[in-house]
Amino acid sequence: MRLSYLAIGAAAAPVLAQDAPKATLSAADRAGLDARIDQLNGMVEAGQFSAMIEFLPPKVLQTIADTFGVTADEAIEASRQMVDEVMNQVTIVAFDIDRVGGRTFVTPDGSRQYVILDLNMLMETQGIRIKAVSPNLAFKDEGVWYIMDVNDPAQANILREAYPEFDGVTFEPGTMEVID
């Protein structure tokens, strides 16, 4: 059985990330992104899932807070609790971010480079094994690399509200497959 996430673009003439202008990261940017991926991998290996909220850009967290009428700290805490609740229901069997297959692009307005990285996860819940492949967005803001899942249309729209330069970019859907 194969389930797909549906990604809905907000722009009238969306550009799929894979069709956007290509770019190349500098060696320093590649090293910075690799270091952040290593941090993320360490958190997953340690089971520190709620700590992964720090990979969301502050502008996204503030946009979430503004949307729900709470402070940024309250939004962070609620997000941590939600992640913990979800992750308590699954066991991560395997986790990998495909660095080699990462694709670098430029936003339609030319103002920001970004990378699409496939996050591959094998998880188990209630005796069922599920393989998920989720293209994640990585970009640098104020010198820090952030990594976020933009498969959920609501999450992608929050990204676009916080970072309007992503208007017109439609992200590839992820997939989930039950493994027998």
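Colleague: What makes Asp73 and Glu85 of H3 count as exposed?

Modeller: Exposed means over 50% relative accessible area, buried under 20% and partly exposed in between (1.4 Å probe, protein chains only). Asp73 and Glu85 are exposed, on the other side of H3 from the buried Ala75, Ser79 and Met87. Keep in mind that this is a predicted model, where local features need pLDDT of at least 70 and side-chain atom pairs 80 or more, while totals for chains, interfaces and linings use all residues. Residues are numbered from 1 along each chain as its sequence is written, and side-chain values use heavy atoms, leaving out hydrogens and water.

Colleague: How do you know that the buried residues of H3 line one face?

Modeller: Look down the axis: they fall within an arc of 90°, so they sit on one face. The arc is taken from the directions from the helix axis to the C-beta atoms. Their cover includes H2 and strand E3 (91-106).

Colleague: Why does the length of H3 agree with what a helix should span?

Modeller: The expected span is 1.5 Å times one less than the number of residues. For the 16 residues of H3 (72-87) that gives 22 Å, and the end C-alpha atoms are 22 Å apart, so the two agree.

Colleague: Why is Thr125 called buried?

Modeller: Its relative accessibility is 18% and the cut-off is under 20%, so Thr125 qualifies.

Methods:
Helices (H or I, at least four residues) and strands (E, at least two) are DSSP runs, numbered from the N terminus. Contact means heavy atoms within 4.5 Å.
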